[in-house]
Amino acid sequence: MTIFSSLVSRRCLQVLGATAVALPGLAWAQGAASWPSKPVAVIVPFSPGGGTDALARVIGQKLADSLKQPFLVDNRVGASGMIGTTAVAKAAGDGYTFTVGLSTSLLINQFLYAKMPYDTQKDLAMVYRIAAGTQILAVKPSLPVKNGTELLAYIKANKGKLAYGSYGAGSTPHLFGAYLDHITGGQMNHVPYKGEAPMNQDFLGGQLDMAWVSAAAAKQFIESGKLRAIGVNATERMKALPNVPTLKEAGMTDPVFSMEGWLAAAMPAKAPKDIQDKLAAEIRKALQDPAVQGKIEDMGFRPVLDSSPEKFTAEYKAQLPKWAELVKISGAKLD
């Protein structure tokens, strides 16, 4: 081999090596540019007709209109959202499967279950926090309290006599109720239900003294006086019930009573980052539509207009120890 041919051979190898390195990035960019080129599965780990399902369908329709491909909602129900979330965590990393889930299914479950078929923080990528899932602390009308200050005093004065309901063990109404019991020493009885509808039925019947409820399910009962709203678990009032104060305004100033659950989009962690970014950008664009905002606010949620994978991931990490502590205080464990 001549010196010239040896130099040519080495140069060819260098070019081929550089091309090999560049190709994955090129394919990635092309993938994001052409995504989606087929229907996208939107897995909702809760029942059809609920708030998470309704939100997913509103957002899914806007994405379909914008991206010219169907976004098909697939309800995978069970195990506090873990069945559907497992399906997403184990899905192909091609960007054609994502979930619209709750803080319960995407964050809290990892502290409730001793064993899980996936690692939430390693197998899922947090893409966009779509809405704040504000909840309302309500009491039955016969309870002689009008605000949070009076409620705290009443619980302390009636140890062992009161009952609060929740959507189930480990749900946010359970965690908030257990914390309220913890700080007051109220020795309240926790009554878990399989969902909000059966809980509200007993609540309206006077069998519960208090519960955290959603605006979507309980707004009509609050407005008619069948339930009395003490305040919302949030940093600001909700548009669906603007006359209901925050719990902080009502006299419950502990930071826990300003914590909010949320509804969010997440993808398999192995999904291309460019596709995650594109999905986030499309959700953000959908949420700028006043009609979409109105629908979400009517559900009792607050749309988040400025989320992103980076921002949501940072918020998620900051919230982890707070929810872990609430689960610990509640004593909730699921198998």
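Predicted model: local features only at pLDDT ≥ 70, side-chain atom pairs only at ≥ 80, totals over all residues.

Two strands are taken to pair if DSSP finds at least two bridges between them.

Select residues 40-44, strand β1, together with residues 97-102, strand β3. The two strands run parallel and are joined by three bridges.

Keep β3 selected and colour it by accessibility. Is this strand mostly covered or mostly open? Five of the six residues of β3 are buried, where buried means under 20% relative accessible area.

G101 is placed opposite A264 of β10.

Five bridges link β1 and β2, which run parallel; V40 faces F71 of β2 as its opposite residue.

With the whole sheet displayed, follow the order β2-β1-β3-β10-β4-β11: six strands make up an open sheet of mixed pairing.

Select residues 51-67, helix α2. This helix lies across β1, β2, β3, β4 (124-133) and β10. Relative to β2, helix α2 runs at about 160°.

**The largest pocket**

Next, centre the view on F46, T52, L102, Y167 and E196, which lie nearest the centre of the largest pocket among its 43 lining residues. The volume of this pocket is about 1000 Å³. Which elements give two or more residues to its lining? They are α2, α4 (103-112), α7 (172-184), α8 (196-204), α9 (215-224) and β10. Colouring the lining of the largest pocket by class shows 19 nonpolar, 21 polar and three charged residues.

**The second largest pocket**

Move to the second largest pocket, which holds about 290 Å³ of space. Select its lining: R129, T235, P255, V256, S258, M259, E260, W262, E315, Q319, K322 and W323. Which helix gives the most to this lining? Helix α12 (residues 309-330) does, with four residues. The lining of the second largest pocket comprises five nonpolar, three polar and four charged residues.

**Backbone details**

The last stops concern the backbone. Most residues other than glycine have a negative phi, and most peptide bonds are trans.

Select W35 and P36. The peptide bond that joins W35 and P36 is cis, with omega about -5°. P36 belongs to the loop between α1 (3-34) and β1.

Finally, select A79 and S80. A79 has a positive phi, near 55°, and is not a glycine. S80, likewise not a glycine, has a positive phi of about 55°. A79 is found in the loop between β2 and α3 (82-89), and S80 lies in the loop between β2 and α3. How exposed are they? A79 is partly exposed, with a relative accessible area of 34%; S80 also counts as partly exposed, at 31% relative accessibility.

How values were computed: Residues numbered from 1 in each chain as written. Heavy atoms only, no water. Buried < 20%, exposed > 50% of the residue type's maximum accessible area, 1.4 Å probe, protein only. Contact = heavy atoms within 4.5 Å. Axes fitted to C-alpha atoms, helices over the stretch in contact; angles between N-to-C directions. 1 Å grid on protein atoms, 1.4 Å probe; cavity = no way out; pocket = protein on both sides within 12 Å on 5 of 7 lines; lining within 4 Å. Points joined across faces, edges and corners; volume = space filled by probe spheres on them. Nonpolar A, V, L, I, M, F, W, Y, C, P; charged D, E, K, R; others polar.
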